[in-house]
Amino acid sequence: MLQICDLGVAYGHAKVIHDLNLTLNPGEMVFIVGRNGAGKTTLLKTIAGLLKPMKGSITYNDQSIAGQPPEKLARLGFRFVAQDKKVFSELTVRSNIELAAYGAGEPMDKAWSKVTQIYPKIEEFRDMPAGNLSGGQREILLIGRALVGDPKVLLIDEPTEGLAAIVIQDIFRILSNMRNAVSAIIVEQNLSIVKRLADRIYVMKEGNLIREIADKSEIADSTQLETYL
Amino acid sequence: MIQTIVYGFTIGAILYFFSVGLALTFGTMRIINFAHGMVYAVGVYLFIAFLKVFDDSFLLALAASVIAMLPVAYIIERFIIRRLYGEGLDYAIIATYGVLLIGTDAIKMLWGTTSQPVNDPVGISIEVAEFGLPVYRIAIFACAVVLFLALRVFFKRSIIGRIVVAALEDSDGVRCLGLDVNKYFSIIFVLGSALAVLGGILYAPISSAEPYMGFHILLLAFAVVIVGGMGNLNGTFVAALALGMVMAITGRFWSQAANAMVFVVMALVLIVRSRKLDTD
């Protein structure tokens, strides 16, 4: 489905990712773990079209998509949820979803019911400026926004970072409900989430994926994973 | 003093008409657009030409010149501004300053260097506390208030407005929703340019048209955008009126310092803001 071969990404002369290979199969939930500065966010941004690769290829259903603009990739079904939890703060919660629905060409009623299904409590915040939401509510709004339309590949960057345990449970529930319905690459440091949701795990270090873990017992072994964080 | 206050609101209103486009261009595209001054000046000269065509009908000439400048603004955005997205501010300044110079020289070539007066289309005054206040100036201020309210409705209620508000905050986020921000930036650029032309035409009867008019208002408008906050539409309105008032009041007591005082206020605002940032 999504195939990345020999990917190289640089900020100016500083190479951040080099010779990276990754595969994402339909309906698969792949997690990327690794220390800060490993290049995880850069990788997601490159797949989402926000950064242009210096070399290598990214193919989606045998179609080359490397360097395509994010709006074009969004129309193919790619959705990127950034780490910074940046909602459109001056717009209402409903307007945030409305923009996603407009971009995806989906009727607003359908989009809104999709979001309320994953997080019914959002109805309470419907007409509130999104900037007034808490960090956890913002993350849920962003994930909800990403699910509008017909997403095929979700790229989610550190969804539980800095959030309270109760919100992390909400996000875990939302992500687990998405399993098999959509493919996802999720950067995450919370190993309890990773262990329970991952179909495969990639370990990233210094701009490359140094290890792939697909065995269920290895995925469940947190002591092994902790050494990479 | 009443005359000074009315004059201050009038100048503030004109600054607002001009600065809205500049603020939006910077807020959405992160581009300092000197070409805005060219659109403003050429629009006024076209208006003077159209006055002859339409038998001195102010409104017809105004509509014709605003409409005539729309494709000019679109061409500037499509072929110059769009190539500058993501480039350094210096490239944008050089390219758009070049457009301003070309426009100014084109005016000098086509209409000459002498200033051209424009008649007050209303031509009547009302008496307030024994002072005669030109109705035209009050009308300009009223137009600015109407524009401010209309833009608020536009950015709050219309889908294009909401996309632009979202893009002002996070254009990458908007793009990741499948929305081509360039298309909406073009619309906003053309809208901003039309408002600049409108402001120039409204101001012409108070001042006069001269080839360097785009340069003069640009400097003042940059001060408005900086004081109001880049891309902050409410801030732009308040800053334009406040700086217009600063110009009018300073000009009443010390005419040579009227423009300079605007930049003194701008400097003070920047100092206060930087201290606030330090304490935050």
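**Terms and model**

Helices (H or I, at least four residues) and strands (E, at least two) are DSSP runs, numbered from the N terminus. This is a predicted model, in which local features need pLDDT of at least 70, side-chain atom pairs count only at pLDDT 80 or more, and totals for chains, interfaces and linings use all residues. Residues are numbered from 1 along each chain as its sequence is written, while chains are lettered from A and ligands numbered from 1 in the order in which they are written.

The predictor assigns the complex an ipTM of 0.91 and a pTM of 0.84.

**Six-stranded sheet of chain A**

An open, mixed sheet of six strands in chain A has the order β6-β7-β8-β3-β9-β10; two strands pair if DSSP finds at least two bridges between them. From one strand to the next the twist averages 20°.

Within chain A, β3 (residues 29-33) and β9 (residues 200-205) pair in the parallel sense through four bridges. A:V33 has A:V203 in β9(A) as its bridge partner. Helix α5 (residues 135-147) of chain A lies across β6 and β7 (153-157) of chain A, at about 170° to β6(A). Axes are lines fitted to C-alpha atoms, for helices over the stretch in contact, and angles run from 0 to 180 degrees between N-to-C directions.

**Four-stranded sheet of chain A**

Chain A also has an open antiparallel sheet of four strands, ordered β2-β1-β4-β5. β2 (14-24) and β5 (63-64) of chain A are the edge strands, each pairing on one side only. Helix α1 (residues 40-48) of chain A packs on this sheet and touches β1 (2-11), β2 and β4 of chain A, its direction making about 65° with that of β2(A). Residues are in contact if their C-beta atoms, placed from the backbone, lie within 7 Å.

Strand β4 (residues 55-60) of chain A is joined to the antiparallel β5(A) by two bridges. A:Y60 stands opposite A:Q63 in β5(A).

**Helix pair of chain B**

In chain B, the axes of α5 (residues 135-157) and α6 (residues 159-175) come within 5 Å and cross at roughly 85°. α5(B) and α6(B) are therefore roughly perpendicular, the term for angles of 65 to 115 degrees. Contact residues include B:F154 and B:F155 of α5(B) and B:V164 and B:V165 of α6(B).

**Interface**

The contact between the chains takes 15 residues from chain B and 20 residues from chain A. The chain B side has seven nonpolar, two polar and six charged residues. Ala, Val, Leu, Ile, Met, Phe, Trp, Tyr, Cys and Pro count as nonpolar, Asp, Glu, Lys and Arg as charged, and the others, Gly among them, as polar.

Key:
Two residues are in contact if their C-beta atoms, placed from the backbone, lie within 7 Å. Angles under 35 degrees count as roughly parallel, over 145 as roughly antiparallel, 65 to 115 as roughly perpendicular and the rest as oblique.
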